[in-house]
Protein chains: 2
Amino acid sequence: MASMIFTDCSSSTTPRLLRFRRNTLFHRNHGAVFLRPLISPTSPRRLSLHSSSASSSPSPSATASLATEASAAVIDGKGVAKQIRDEINAEVSKMKDAIGIVPGLAVILVGDRKDSATYVRNKKKACESVGIKSFEVRLPEDSSEREVLNSVGRFNDDPSVHGILVQLPLPSHMNEQNILNAVSIEKDVDGFHPLNIGRLAMRGRDPLFVPCTPKGCIELLHRYGIPIKGKRAVVIGRSNIVGTPAALLLQREDATISIVHSRTKNPEEITRQADIIISAVGQPNMVRGSWIKPGAVIIDVGINPVEDKKSPRGYRLVGDVCYEEASQIASAITPVPGGVGPMTIAMLLSNTLASSKRIHNFQ
Amino acid sequence: MASMIFTDCSSSTTPRLLRFRRNTLFHRNHGAVFLRPLISPTSPRRLSLHSSSASSSPSPSATASLATEASAAVIDGKGVAKQIRDEINAEVSKMKDAIGIVPGLAVILVGDRKDSATYVRNKKKACESVGIKSFEVRLPEDSSEREVLNSVGRFNDDPSVHGILVQLPLPSHMNEQNILNAVSIEKDVDGFHPLNIGRLAMRGRDPLFVPCTPKGCIELLHRYGIPIKGKRAVVIGRSNIVGTPAALLLQREDATISIVHSRTKNPEEITRQADIIISAVGQPNMVRGSWIKPGAVIIDVGINPVEDKKSPRGYRLVGDVCYEEASQIASAITPVPGGVGPMTIAMLLSNTLASSKRIHNFQ
């Protein structure tokens, strides 16, 4: 995440398109329209977003003619995450009733960082809300690497634990890689183990777990019936935890991927070719309207605090994408907050459930 | 590799550019010029190919003005591979003299396939030529998976073996993945283990081995001083053994990568944006002149037999790229044969040497 800076894309020099047409079918928010997921989890996943949304922009040519009235559908990550948690809750109950097993997620927190404590608390609450048992170990800042490794080892051996998370960052005197490598591959619900990433990259192989945030991005595309196969996809950012696995996931679904990063000379030109954009760089409002092909679908992973004197907190959260501009050009877009953010924890719960099912061979 | 089909890109409808200017500085071959590697292994690797070759095309704009006289430099894989083998030979002698250790490569061959037997024979000869000891086990076609696993196990435990290759394909009654997974990660000189591929994909991680063919492609770029950082690179093909690792390697060197594959709708348009093209699809002459940006560098991994009544064998080998057209547009290109092909075995020897150095902690 970028440090807080002042950025306001409403002061853009990029010409703004006219506002969207009013459409009472959709709940409006932030100058765009909320679109419900087109499919329930039991429906086929490949319905077209465009076929049932009068306000979306099916193709560049169609968009051109609609440009004066089009506005992006809002991809409601918060709503989808809620739906997924309800589904997980139902499955947890079903497994408990059938075989008496409750999925368990263990978190190891080292030190006193307030943000880390908040993340851990949120994960714990999320577990409780779906019936997943949570385990927690808190170790003091001055713990030795050996003590952390011992905690990992105990959770590796504990049959009631199906997923293990080591909250990052760890204190600087520890070797993060040693500790993460110690987590059993069968319980690595974060999906960051190189063996998982390798399997994700390879055709004919399947990872045990897919990293939560990129999995959440693809899940949003699926739930909104947005086709991926044969589409041009540009991923902005090449981090191990979002950009790279997101690109690998898109390629697994037969998208043609390009990965834009800090050394890319013409990011705007490349991004403008994309049917699907996933941005995960932590640069507030970096992706402007001029970067976006009309009708593109935008998944904005960035959550960046920017100064806002009107806010009681003195700041507000914005994405990597200038929402105000993008929502007038794209066919669908995730808001920040309320887009990808809530999906990450939902996917963590999903991975933990999947792990317990695999370990106990429960379908 | 594609099955043999009749393809002749000289019957192209793509307009051919005029022939290159005569230049006695270069050894001419196949309508192009051979360029020597600009750097010895001890020199800095980032010299510009363009700065010292009058016949190459430094940039699209420069190329445009030179179009009537430009021709691609030939990237002489055969010559570079020879140079690398000489270097390996010297290093093997040095290690033997210093610590008495000779690198060892073991190959397991199951069944009677003639092509496999030829590959194994070539690998053995290559080992001998550089002083690497080769080990070989031949098992009958009807061997059990257990018998093959036992051979793998013996080589895993044998301290004089530093690299293990299982020649593919295996007979169909065996689980190839089980057998490949049994090869010790420290001796997986093919670099195909998912853990290696995962490390290759991740920032801040390093694979123990890089797969030989893509490593050979990048080595050619290095030895010819072709800059990669910040360049647009298009990889055609997404196989586990070439396309995917080649893209990951290019990205590790800060190229902006796009991966074109069978589901890509506009491969020509995307490829035409590339400064560097690596093609590995096994489609003879698929990449035409119109796919290539003037001045691009082309690494052609394809080795495809096409019918040729004039040849005593009835066929000849061509690449994925229509050489005749491409060599008039690109700034540098690998020929087929004699380009990437000889690099693969050279990189296998290099990986085996590196493995023995690592195991014996010899710098």
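1. Asp254(A) is buried, with a relative accessible area of 14%. In this predicted model, the side chain of Asp254(A) meets that of Arg238(B) in a salt bridge, at 2.8 Å from N to O. The pair crosses between chains: Asp254(A) lies in the loop between α8 and β8 of chain A, and Arg238(B) in the loop between β7 and α8 of chain B. Side chains of opposite charge can pair when their charged atoms come close.

2. With neighbours within four places in sequence left aside, Arg238(B) is in contact with residues of chain A, namely Arg203(A), Gln251(A) and Asp254(A), and with residues of chain B, among them Gly243(B), Thr244(B) and His261(B).

3. On the side of chain A that touches chain B, at least two residues each come from α5 (176-182), α6 (194-201), α8 (243-252) and β8 (256-260). The largest share, six residues, is supplied by α6(A). By residue class, this side of chain A divides into 11 nonpolar, 15 polar and 10 charged residues.

4. As to the extent of the interface, 36 residues from chain A and 35 residues from chain B take part in the contact. Between them, the two chains bury about 3400 Å², and 49% of this area is on carbon and sulfur atoms.

5. Salt bridges also occur within the chains; over all chains, the structure holds 28. In chain B, Glu87(B) forms one with Arg223(B), with the closest N and O atoms 2.7 Å apart. This pair links distant parts of the chain, since Glu87(B) is in helix α2 (residues 77-99) and Arg223(B) in helix α7 (residues 212-223), 136 residues apart. Glu87(B) counts as partly exposed at 22% relative accessibility, whereas Arg223(B) counts as buried at 7%. In chain A, Glu87(A), Glu219(A) and Arg223(A) are linked in a network of salt bridges.

6. Another salt bridge of chain A joins the side chains of Arg113(A) and Asp115(A), at 2.9 Å from N to O. Arg113(A) is partly exposed, with a relative accessible area of 42%, and Asp115(A) is also partly exposed, at 32%.

7. Strand β9 (residues 276-279) of chain A is covered on both faces. Ile276(A) and Ile278(A) are buried on one side, and Ile277(A) and Ser279(A) on the other. β9(A) pairs in the parallel sense with strand β7 (residues 232-236) of chain A over four bridges, and Ile276(A) is the bridge partner of Ala233(A). β9(A) also pairs in the parallel sense with strand β10 (residues 297-300) of chain A, again over four bridges; here the bridge partner of Ile277(A) is Ile298(A).

Notes
Residues are numbered from 1 along each chain as its sequence is written. Chains are lettered from A and ligands numbered from 1 in the order in which they are written. This is a predicted model: local features need pLDDT of at least 70, side-chain atom pairs count only at pLDDT 80 or more; totals for chains, interfaces and linings use all residues. Side-chain values use heavy atoms; hydrogens and water are left out. Contact means heavy atoms within 4.5 Å. Buried area is the accessible area (1.4 Å probe) that two parts lose on being put together, summed over both. Ala, Val, Leu, Ile, Met, Phe, Trp, Tyr, Cys and Pro count as nonpolar, Asp, Glu, Lys and Arg as charged, and the others, Gly among them, as polar. Buried means under 20% relative accessible area, exposed over 50%, partly exposed in between (1.4 Å probe, protein chains only). Two strands pair if DSSP finds at least two bridges between them. A salt bridge is a side-chain nitrogen of Lys or Arg within 4 Å of a carboxyl oxygen of Asp or Glu.
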